[in-house]
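A few terms come along the way.

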Amino acid sequence: MVDLSTLNDRQLEAAKWQDGPLLVLAGPGSGKTKVLTSRIARIIEETASEHFRILALTFTNKAAAEMRQRIEVLVPGSGNRILLTTFHSFAGDVLRQHGHLIGLKPDFTIITQEGERIAMLDEAIAKANFNNDTLSLSGERLLPLINRMLENDVSADSVSRMVLTLPAEQQEPIHAIYGAYRAHLISSNSLDFPALIAEAVRIFREQPAVCKQVRRVYKFICVDEFQDTNLSQYHLLTHLVDQERKNLFVVADDDQIIYQWNGASPERLNKLRADFGMGLVQLPANYRCPPAVIEIANKLIAHNAARSAEKQSLQALKPNADKKAIRVLRFDSFDEEAAWVAGDIAGRSVLERSRCVVLARTRKALEGALAHLTARGIPAYLAMRKDEFVSAPMRWLHAALRLANNPQDREQARRLSKAFYALEGLQIDPANVISASEAFGGNALRAFAHVALSRTEISQHTRAFIDFAVPALTDKLDFRSFTQSTFAWAEKLQGSSYSTDDPFAEYGDEKTTWSELVSDIEGQFGPENVTLNVLLQELDMRSKAPSPAQGSVPCFTIHASKGMEFGHVYLMAMVEDQLPSWAAVKKGPDSREMQEERRNCFVAITRTEDSLTMTYSQKVFGWNKAPSRFLREMGLIS
């Protein structure tokens, strides 16, 4: 029996919700993940003999993995009853199964590099039927607009309001380019992240039978962090929900909408409630933050006029700490500020350092803190996404698997050849590999093996590896044994280098990261369901950044810290033009942008478990700056 005894009355009401639509307005630190997982576990346990699945959608793989683990503890062996995944991963799964209906093959590639997307868009511009000599439209210039059109579910054959706001001479060409870009992606059997969602929505919209099938499988739909959805994600969701049962359970907080630049909107919660007639449960109780932090958080967010009318203030349920929970410090220069923050962290015990975080609105501010922490010998890191592996063994492995999945991929043949040269010292022309592949049924990886083995200067160890490992991959798609063979081969080569750079730089960390990513993917889908297609597409959706060293101090942008909590929060550069941003200040005090910046500050301070330190300087990056207006709104400075 799933234990619900530790839930408060409102949490219990939400966890016991059975049928129909419900919106849970959950403030920070209110136990929303516990409520969501408890409800899912309860439904699974109470319907053990039934065959439907529960679909739970979130925005990060980390959040999805954490919830899967919690549910497995509550109801062991429940993995086959739930799909807990991200919006993009779910869309990828839909397209693997049904993409053929729009001309997409199951082994499609996900484009993660902006340079590759720009190149694809430039090709689409060349294919679009208009005279570009006078307009000089380029992929680099148009990509942000194309992103917004995809995120707002603009169909390829419709003229959106976005296009109509452009100068008249650009409207028809950009309409043509948008359609050409989407068509070019499909014909190239590749998608970028926004197109993943857009094309899944297209299938649901154009193929009612697919919608009906998916709804039959997933009787209950749950969404975490709904406030982060863009319009395309919202339309994906509305197609999934059975309009008779409307079993849609949504957790959201309109005070934490900080992705307006990515299509999120405060109005979307109102539309959700109107579209589905949502019931409402509020979770204002905060178990995370000291009461003093809750007090200033309530003062701050009350200045936002666009909040839900009935939104309740946060309630502090954590006992008062013995020491002062909030500090505000002023410095003459940002360098002094960053040095003080590093010194204050250095003065803590090793255990307490591991509970610290440095937050700022911009990456530039964090780099200053990181430099001072590093200078003091304190391990610290700046959170950032990493889309590709950089060590030669991992580049070889990833390119080989991609080439096995898509045997005529010229870019992967190039990457494979480049990594092979770094490891073995043999230069193999990828153009020759592609041309030679005709003799091997169009399989460039087989052709590469043939060309490499024909070289007399190849080492015996590498010859044995290619002889044994490549056929297992090309003939059986046995990527697991190929991976292990690659690791063994690479490690025998370690110590010899055929390039000026170290081909094994970062290899140890990247090998560990690979194993962690594969384990996470297999945990999500089940090892038996992870084909080469699934593995590669899911890898493309995940960052390749290694896990930080234990005890390291994270330096996070506010956006990167969302959903996390830390013992001691240091919020730096609390000045005008930083937090709030220059763009928000320019738009004015009542603008949507200023309200989002206020939510950014609200998110930052409510990460706090024990202490909150806010710092600001008179001069930042050489410019005189006024203290952030948010400090005044919180009543911390006059």
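A nonpolar core is a set of buried Ala, Val, Leu, Ile, Met, Phe, Trp, Tyr and Cys residues joined through side-chain atoms within 4.5 Å. Buried means under 20% relative accessible area, with a 1.4 Å probe and protein chains only. The largest such core here has 70 residues. Phe90 and Leu272 have the most contacts inside this core. Helix H9, residues 193–206, gives the largest share, eight residues. In soluble globular proteins, nonpolar side chains tend to be buried together.

This is a predicted model; local features need pLDDT of at least 70, side-chain atom pairs count only at pLDDT 80 or more, and totals for chains, interfaces and linings use all residues. Residues are numbered from 1 along each chain as its sequence is written, and side-chain values use heavy atoms, without hydrogens and water.

Look at Leu272 again. Beyond its neighbours within four places in sequence, Leu272 is in contact (heavy atoms within 4.5 Å) with Leu23, Phe226, Tyr234, Leu248, Val250, Gly277 and Met278.

Now step back to the whole chain. Of its 638 residues, 56% count as buried. The protein chain holds 28 helices and 17 strands. These are DSSP runs numbered from the N terminus: helices are H or I, at least four residues, and strands are E, at least two. Along its principal axes, the C-alpha trace spans about 75 × 65 × 60 Å. Among contacts between residues at least 6 apart in sequence, 78% join residues at least 24 apart.

Conventions. Buried means under 20% relative accessible area, exposed over 50%, partly exposed in between (1.4 Å probe, protein chains only).
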